[in-house]
Amino acid sequence: MMTTDLWEYRPGSHHAADLSLTGYEVEATDGPLGRVEHDAGDHILVDTGPWVPGARVLVPVGLVSRIDHLELVVHLDCPRARIRSAPPPSAVELGGRAALDAHYRK
(Lines give C-alpha, C1' and ligand atoms only; values in the text may rest on other atoms or scores of the structure.)
Protein backbone atom coordinates (compact mmCIF):
# COMPACT_ATOMS: atom_id res chain seq x y z
CA MET A 1 0.00 0.00 0.00
CA MET A 2 1.34 3.39 -1.00
CA THR A 3 1.63 6.08 1.65
CA THR A 4 2.91 8.87 -0.60
CA ASP A 5 0.78 11.26 -2.62
CA LEU A 6 0.38 9.67 -6.06
CA TRP A 7 0.12 13.07 -7.70
CA GLU A 8 3.35 14.63 -6.43
CA TYR A 9 6.96 13.72 -7.10
CA ARG A 10 8.75 11.98 -4.24
CA PRO A 11 11.60 13.79 -2.51
CA GLY A 12 14.87 12.62 -4.03
CA SER A 13 13.37 11.66 -7.41
CA HIS A 14 15.46 14.39 -9.11
CA HIS A 15 12.41 16.05 -10.62
CA ALA A 16 13.23 19.44 -12.15
CA ALA A 17 10.11 21.61 -12.54
CA ASP A 18 11.62 23.48 -15.48
CA LEU A 19 12.34 20.32 -17.52
CA SER A 20 9.67 18.40 -19.41
CA LEU A 21 9.94 14.60 -19.38
CA THR A 22 8.38 14.31 -22.85
CA GLY A 23 10.50 11.94 -24.92
CA TYR A 24 12.16 10.26 -21.93
CA GLU A 25 12.23 6.46 -21.84
CA VAL A 26 10.23 4.86 -19.00
CA GLU A 27 11.53 1.86 -17.04
CA ALA A 28 9.42 -0.21 -14.65
CA THR A 29 11.10 -2.33 -11.99
CA ASP A 30 11.11 -5.30 -14.38
CA GLY A 31 12.10 -3.64 -17.65
CA PRO A 32 11.21 -1.05 -20.28
CA LEU A 33 7.68 0.32 -20.41
CA GLY A 34 7.71 2.89 -23.20
CA ARG A 35 8.29 6.60 -23.77
CA VAL A 36 6.76 9.71 -22.18
CA GLU A 37 4.34 11.19 -24.70
CA HIS A 38 3.07 14.00 -22.46
CA ASP A 39 4.21 15.47 -19.15
CA ALA A 40 1.21 17.01 -17.34
CA GLY A 41 3.00 17.85 -14.10
CA ASP A 42 1.01 15.51 -11.83
CA HIS A 43 1.10 12.55 -14.23
CA ILE A 44 2.85 11.36 -17.36
CA LEU A 45 1.18 9.79 -20.38
CA VAL A 46 3.31 6.88 -21.56
CA ASP A 47 3.19 5.43 -25.07
CA THR A 48 3.65 1.71 -24.42
CA GLY A 49 4.34 0.86 -28.07
CA PRO A 50 7.10 -1.66 -27.25
CA TRP A 51 4.66 -4.12 -25.63
CA VAL A 52 1.17 -2.91 -26.63
CA PRO A 53 1.28 -1.05 -29.98
CA GLY A 54 -0.85 2.08 -29.95
CA ALA A 55 -1.63 1.83 -26.22
CA ARG A 56 -1.09 4.58 -23.69
CA VAL A 57 -1.14 4.55 -19.91
CA LEU A 58 -1.48 7.41 -17.47
CA VAL A 59 1.12 7.14 -14.70
CA PRO A 60 0.85 9.32 -11.56
CA VAL A 61 4.19 10.99 -10.80
CA GLY A 62 4.17 9.52 -7.28
CA LEU A 63 5.25 6.23 -8.89
CA VAL A 64 8.47 7.83 -10.17
CA SER A 65 11.35 6.60 -8.03
CA ARG A 66 14.01 8.62 -9.86
CA ILE A 67 14.72 10.51 -13.04
CA ASP A 68 18.01 10.24 -14.89
CA HIS A 69 18.31 13.49 -16.84
CA LEU A 70 21.61 12.46 -18.45
CA GLU A 71 20.27 9.20 -19.87
CA LEU A 72 16.73 10.64 -20.31
CA VAL A 73 15.08 7.81 -18.36
CA VAL A 74 12.19 7.88 -15.87
CA HIS A 75 12.39 4.98 -13.39
CA LEU A 76 9.15 3.77 -11.80
CA ASP A 77 8.68 1.96 -8.51
CA CYS A 78 6.35 -0.77 -9.80
CA PRO A 79 6.35 -3.63 -12.32
CA ARG A 80 4.93 -3.42 -15.85
CA ALA A 81 2.01 -5.73 -14.98
CA ARG A 82 0.74 -3.26 -12.37
CA ILE A 83 0.78 -0.44 -14.89
CA ARG A 84 -0.61 -2.64 -17.68
CA SER A 85 -3.65 -3.48 -15.50
CA ALA A 86 -4.37 0.17 -14.62
CA PRO A 87 -7.54 1.83 -15.89
CA PRO A 88 -7.10 3.32 -19.38
CA PRO A 89 -6.68 7.10 -19.74
CA SER A 90 -10.28 7.41 -21.00
CA ALA A 91 -11.62 5.87 -17.76
CA VAL A 92 -9.46 8.21 -15.73
CA GLU A 93 -10.83 11.19 -17.66
CA LEU A 94 -14.39 10.08 -16.83
CA GLY A 95 -13.80 9.01 -13.24
CA GLY A 96 -11.08 11.42 -12.26
CA ARG A 97 -8.11 10.51 -10.12
CA ALA A 98 -10.14 8.13 -7.95
CA ALA A 99 -9.82 5.33 -10.51
CA LEU A 100 -6.01 5.42 -10.40
CA ASP A 101 -5.89 6.06 -6.65
CA ALA A 102 -7.93 2.89 -6.07
CA HIS A 103 -5.77 0.86 -8.48
CA TYR A 104 -2.37 1.81 -7.09
CA ARG A 105 -3.37 1.82 -3.43
CA LYS A 106 -4.58 -1.83 -3.46
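Me: Leaving aside neighbours within four places in sequence, what is D39 in contact with?
Reply: In this predicted model, D39 is in contact with Y9, L19, S20, L21, T22 and I44, once neighbours within four places in sequence are left aside.

Me: And where does D39 sit?
Reply: D39 is in strand β2, which covers residues 31–39.

Me: Which side chain of opposite charge is nearest to D39?
Reply: That is R97, and it is 11 Å away. D39 is buried and has no salt bridge.

Me: Which backbone nitrogens lie by polar atoms of the D39 side chain?
Reply: The backbone nitrogen of L21 lies 2.9 Å from a polar atom of that side chain. For the backbone nitrogen of G41 the distance to a polar atom of the D39 side chain is 3.1 Å.

Me: What is the phi of G41 like?
Reply: G41 takes a positive phi near 95 degrees, in the hairpin of β2 and β3. That hairpin has three residues between the strands.

Me: Parallel or antiparallel, β2 and β3?
Reply: Antiparallel, with four bridges joining β2 to β3. Within this pairing, H38 stands opposite L45 in β3.

Me: What does β3 pair with in the antiparallel sense over five bridges?
Reply: β4 is the partner there. I44 has V59 of β4 as its bridge partner.

Me: Why call β3 largely enclosed?
Reply: Because four of its five residues are buried, β3 is largely enclosed by the rest of the structure.

Me: What does the H43 side chain make a polar contact with?
Reply: The side chain of D42, at 2.7 Å. Not counting residues up to four places away in sequence, H43 touches W7, H38, L58, V59, P60 and V61.

Me: Switching to the core. How many residues does the largest nonpolar core have?
Reply: The largest nonpolar core has 25 residues. Those with the most contacts inside it are L21, V26, I44, V59, V74, L76 and I83.

Me: Which elements give two or more residues to this core?
Reply: They are β2, β3 (43–47), β4 (56–60), β5 (64–68), β6 (73–76) and α3 (98–104). β4 gives the most, with three residues.

Me: Take I83 from that list. What does I83 touch?
Reply: I83 touches L33, V57, V59, L76, C78 and Y104, with residues up to four places away in sequence not counted.

Me: New topic, backbone angles. What is phi of H14?
Reply: Phi of H14 is near 70 degrees, a positive value in a residue other than glycine. H14 lies in the segment before β1 (25–28).

Me: Is H14 buried or exposed?
Reply: Exposed, with a relative accessible area of 53%. Over 50% counts as exposed.

Me: And what about the phi of L72?
Reply: L72 has a positive phi of about 60 degrees, although L72 is not a glycine.

Me: Where is L72, and what is its relative accessibility?
Reply: L72 lies in the loop between β5 and β6. Its relative accessibility is 41%, so L72 counts as partly exposed.

Terms used. Residues are numbered from 1 along each chain as its sequence is written. This is a predicted model: local features need pLDDT of at least 70, side-chain atom pairs count only at pLDDT 80 or more; totals for chains, interfaces and linings use all residues. Side-chain values use heavy atoms; hydrogens and water are left out. Buried means under 20% relative accessible area, exposed over 50%, partly exposed in between (1.4 Å probe, protein chains only). Lys and Arg count as positive and Asp and Glu as negative; His and the chain ends are not counted. A salt bridge is a side-chain nitrogen of Lys or Arg within 4 Å of a carboxyl oxygen of Asp or Glu. A polar contact is a pair of N or O atoms within 3.5 Å; within protein, one must be able to donate a hydrogen and the other to accept it, and residues adjacent in sequence count only if both atoms are side-chain atoms. Contact means heavy atoms within 4.5 Å. A nonpolar core is a set of buried Ala, Val, Leu, Ile, Met, Phe, Trp, Tyr and Cys residues joined through side-chain atoms within 4.5 Å. Two strands pair if DSSP finds at least two bridges between them.
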